[in-house]
Amino acid sequence: MRMVDIIAKKRDGGELTTEEIQFLVDGYTDGTIPDYQMSAWAMAVLFRGMTARETADLTLAMAGSGEQLDLSSLEGIKVDKHSTGGVGDKTTLVVAPLVAAAGIPVAKMSGRGLGYSGGTIDKLESFRGFQVERTREQFLQQVRDIGVSVIGQSGNLTPADKKLYALRDVTATVEAVPLIASSIMSKKIAAGADAILLDVKVGKGAFMKNLEEAETLAKAMVAIGSQVGRKTVAVISDMNQPLGFAVGNALEVKEAVETLAGRGPKDLTELVLSIGSRMLVLGGLVSNVEEGRGKLEELMASGKAVDKLAEMVEAQGGDKADVYDLSRLPQANIIHEFVAKQDGYVEAIDAEAVGHASVVLGAGRLTKEMPIDLAVGFVLHKKRGDQVRAGETLVTIHANDEKLLQSALEELEDAYTISTEIPAAQPLIYKIVEA
């Protein structure tokens, strides 16, 4: 085979064979296919697309390009959860212990965050001593013992995807849906999942800005799951405003614990119950979403969901006392109130603007090497549709640097839109996509 022929075939709208796709993934991984040829192929995919079968083949080839985690020694159906990312998205911190408390094993690998705030792994490090790097056997044994473990992603997981992802970023091919879908799904498959629940974000604070784009991506990923024998369900949820009230690492951990205890924000609680109940269905524990929801609400009310998080924190080297006493988590030195300048109703909160402001404050990173400040971030007091008075607090800012605080304030100025009219209600969950 020759890569130039594969490029030409896709350029002309042809369907690549399984062998051709395997050839290009193997060649790009081992360096025999150069960046410039892979760039040309990626651009051809952007314009010509890929069939469901081609996309599934690409996903499996990338999943097989490095280490693959074998979870077969764990009892039950292993259900993984993935979010396409957003501002204030601390869903995994709630869903993982909650679903595990219900009896579904959760063996999850997560990444560090680039952009609005830290990733799940960064947030978990708000618990002093929490270890995100574990051996494979430690990881699996912990899931056997307590039903849940969330660790950092293996360095050799899907190396083909890592190379292709970096290339797409600098060749204007990030938006190619088959490449986005295969990138996400290859990591889930390599991580050993039997079933996959996808939270596809849509809106100003998400990668997919409109519902049509989000639905296209969701359908592509669900189709891949079907093609490769993994039950897959996608929930398309709103990211036009931050999720919950907290944006930042330790602040989001606090909100996650409150949500596990049944005292969380309405939107975060609703999303967690929607996602978690579907994970129980995928895991075969319940027959329908309503039954799953009832079970999860019981676990929140009884305190067992919080206890499961405490078990996980202790098993991974942290102090479980931090779970029960949230004042022990990292605290910022400066507390500043950002107030409304007029009476009215919150018409919109630009999630992207809030996200940028959190990065300015130090809660997120723009490069992998950047340190993040676990203590800083925002607590929102008003969300879309809420009434406000001039001088009333919109956001409490937690900062550790006066200059960064001032810069973040400038970013926040444009984040809130206050109007005299009550805005129309906007859904939290737009659609459920199943095979």
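Reader: Which strands does helix α16 lie across?

Author: The model is a predicted one. In it, helix α16 (residues 351-361) lies across β6, β9 and β11 (393-399), and runs at about 140° to β9. Helix α17 (residues 402-412) lies across β7, β9 and β11, running at about 20° to β7.

Reader: In what order do the strands of this open sheet stand?

Author: Strands of a sheet pair through backbone hydrogen bonds, in either a parallel or an antiparallel sense. Here four strands form an open sheet in the order β6-β9-β11-β7, and their pairing is antiparallel. Because β6 (246-248) and β7 (334-339) stand at the edges with a single partner strand each, one side of each has no neighbour in the sheet. On average, neighbouring strands of this sheet are turned by 15° against each other, direction ignored.

Reader: How many bridges pair β6 with β9?

Author: Three bridges pair β6 with β9 (residues 377-380) in the antiparallel sense. V247 stands opposite F378 in β9.

Reader: Is strand β5 largely enclosed or left open?

Author: A residue counts as buried under 20% relative accessible area. Seven of the eight residues of β5 (residues 231-238) are buried, so this strand is largely enclosed by the rest of the structure.

Reader: Which strands pair with β5?

Author: Strand β4 (residues 195-202) runs parallel to β5 and is joined to it by eight bridges; I196 has T232 of β5 as its bridge partner. Strand β13 (residues 429-434) pairs with β5 in the antiparallel sense over five bridges, with A234 opposite V433 in β13.

Definitions and conventions. Residues are numbered from 1 along each chain as its sequence is written. This is a predicted model: local features need pLDDT of at least 70, side-chain atom pairs count only at pLDDT 80 or more; totals for chains, interfaces and linings use all residues. Side-chain values use heavy atoms; hydrogens and water are left out. Two strands pair if DSSP finds at least two bridges between them. Helices (H or I, at least four residues) and strands (E, at least two) are DSSP runs, numbered from the N terminus. Axes are lines fitted to C-alpha atoms, for helices over the stretch in contact, and angles run from 0 to 180 degrees between N-to-C directions. Contact means heavy atoms within 4.5 Å. Buried means under 20% relative accessible area, exposed over 50%, partly exposed in between (1.4 Å probe, protein chains only).
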